[in-house]
Amino acid sequence: MEEECRPMLNTGLRGVVIADTRISDVQGAAGKLIYRGYLIQDLANRTSFEEVTYLLLFEKLPNIAELKAFKDQLAAERDIPAEVIAALKTRPKNALAMDILQAGVCLLAHHDPDVADQSREAALRMAIRLIAKFPTIVAAWDRIRNDKEPVKPSSELDHAANFLYMLTGAEPDIEAGRVMDTCLVLHAEHSFNASTFAAREVASTRAHIYAAVAAAVGSLSGELHGGANVRVMEMLSEIGSLDKVEAYVNQQFDAGLKIFGLGHAVYDTDDPRAHILAPMSKTMGERSGETKWYEMSQLLEKTGKAEFKKRKGKDIYVNVDFYSASLYYAMGIPMDLFTPLFAISRISGWSAHVIEEYFAGAAPKPMLYRPESDYIGDYCGPDVCELEPLAERG
Ligand SMILES: CC(C)(COP(=O)(O)OP(=O)(O)OC[C@H]1O[C@@H](n2cnc3c(N)ncnc32)[C@H](O)[C@@H]1OP(=O)(O)O)[C@@H](O)C(=O)NCCC(=O)NCCS
């Protein structure tokens, strides 16, 4: 009887509203994603990552002068300290790229003069530094592990193009830069997802932004969250060809395993970002001379959805990681950098959320997160367990 009266727990907080926010709205039933009032489709088609970052941090789209000043500020903050580069050079070459990024965030904190300043102005300065430096850490690590010297950031290039430049040593053409920029716009913010919640939870303790962001990077690394884009590409590589897609889908469902890139905790429709990424994956596949990965993704989406419906009697939808995998692959991004690339974008959203959390941007007053749990462990009797001395324990 008592069991029946207990509320449903361990549901991963699905459907539980835990805070107000002014930053973004994910309308799961309608399949809409809105950053500070603007539809993601409009932002992807008509703004840049720098504009979207400004919007997330300063609550309005910049005018021409504001955008120029903001871009200059970001460009001026791209370099990372020589000590951080030197530390990266001491890491084993096979270290996980997300672990390197997380460690890089903590190392950067040691060099930030604002780290003990709890003002809003300092939080914004630190956020801008983190946003500017994320691509530099990721690109530097890829060069270092391949026995190459890191490429110094260019202050002439936009944020997205500069990342590709630091990664390859060559300036990307306009189309590649634009595609990367749109990817960054699409991944910049997504409300209270796992990593953002992690960042906000840490920020609610008044720990500094580097601590909050390091927690978020750790959360994003998991395969059920940002790590899914890597798992999608591994899955496509494992399948290998179009004619093996159907057998793979059946094999996964038979074994009770998931198909990465399908399913979402909030959307009951296709993820609107997937619809923007799919044609970009096709275009970049064509450009690279290899459309197989895009075509396999398309077939996997169709077959996976149909088989899910057949077996479970309900629908499943594509999420953001599904087509970003084949798109990044076609652009020559190393597979294990797909999730760090997600972080290069999401650092904007995390920063906006950390600042909203510190300064109660959408709440009456800042409040430390402290949920409760039901203890269902032992008491060894009606009261508590009697502690036996070590020597007497069986
Ligand atoms: C994202 C995800 C964690 C959302 O989880 P959720 O909404 O809580 O859904 P659940 O994991 O509880 O799954 C609900 C049901 O759908 C099934 N399901 C969910 N995603 C699935 C997938 N990708 N492939 C196959 N089955 C899936 C589950 O097995 C479960 O089936 P059941 O009801 O018979 O037990 C989940 O869809 C998933 O693991 N997807 C793959 C990883 C991924 O792409 N992550 C990126 C998210 S942006």
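How many residues does helix α15 have, and how far does α15 reach from its first C-alpha to its last?

## Helix α15

Helix α15 covers residues 292-312, with 21 residues and a reach of 29 Å. That is close to the 30 Å expected at 1.5 Å a residue; the expected span is 1.5 Å times one less than the number of residues. Helices here are DSSP runs (H or I, at least four residues), numbered from the N terminus.

This is a predicted model, in which local features need pLDDT of at least 70, side-chain atom pairs count only at pLDDT 80 or more, and totals for chains, interfaces and linings use all residues. Residues are numbered from 1 along each chain as its sequence is written, and side-chain values use heavy atoms, with hydrogens and water left out.

## What α15 buries

Buried means under 20% relative accessible area (1.4 Å probe, protein chains only). In α15 the buried residues include Trp293, Tyr294, Met296, Leu300 and Phe308. Glu301 and Glu307 are also buried. The buried residues of α15 pack against α12 (228-239), α13 (245-254), α14 (272-288) and α16 (320-330). Just after α15 comes glycine 313, with a positive phi of about 70°.

The twelve residues of α12 should span 16 Å at 1.5 Å a residue, and the end C-alpha atoms of α12 are 16 Å apart, which agrees. Buried residues of α12 include Val230, Val232, Met233 and Leu236. Their cover includes α13, α15, α16 and α17 (338-358). Glycine 240 follows α12 and has a positive phi, near 85°.

α12 and α13 pack at about 120°, with their axes 10 Å apart. Axes are lines fitted to C-alpha atoms, for helices over the stretch in contact, and angles run from 0 to 180 degrees between N-to-C directions. That angle makes α12 oblique to α13 (under 35 degrees is roughly parallel, over 145 roughly antiparallel, 65 to 115 roughly perpendicular, the rest oblique). Met235, Glu238 and Ile239 of α12 make the contact (heavy atoms within 4.5 Å) with Val245, Tyr248 and Gln251 of α13.

## Helices α9 and α16

The axes of α9 (residues 174-187) and α16 come within 12 Å and cross at roughly 160°. α9 is therefore roughly antiparallel to α16. On the α9 side, the contact is made by Val179, Cys183 and His187. On the α16 side, Val320, Ser324, Leu327 and Tyr328 take part.

Terms used:
Helices (H or I, at least four residues) and strands (E, at least two) are DSSP runs, numbered from the N terminus. Buried means under 20% relative accessible area, exposed over 50%, partly exposed in between (1.4 Å probe, protein chains only).
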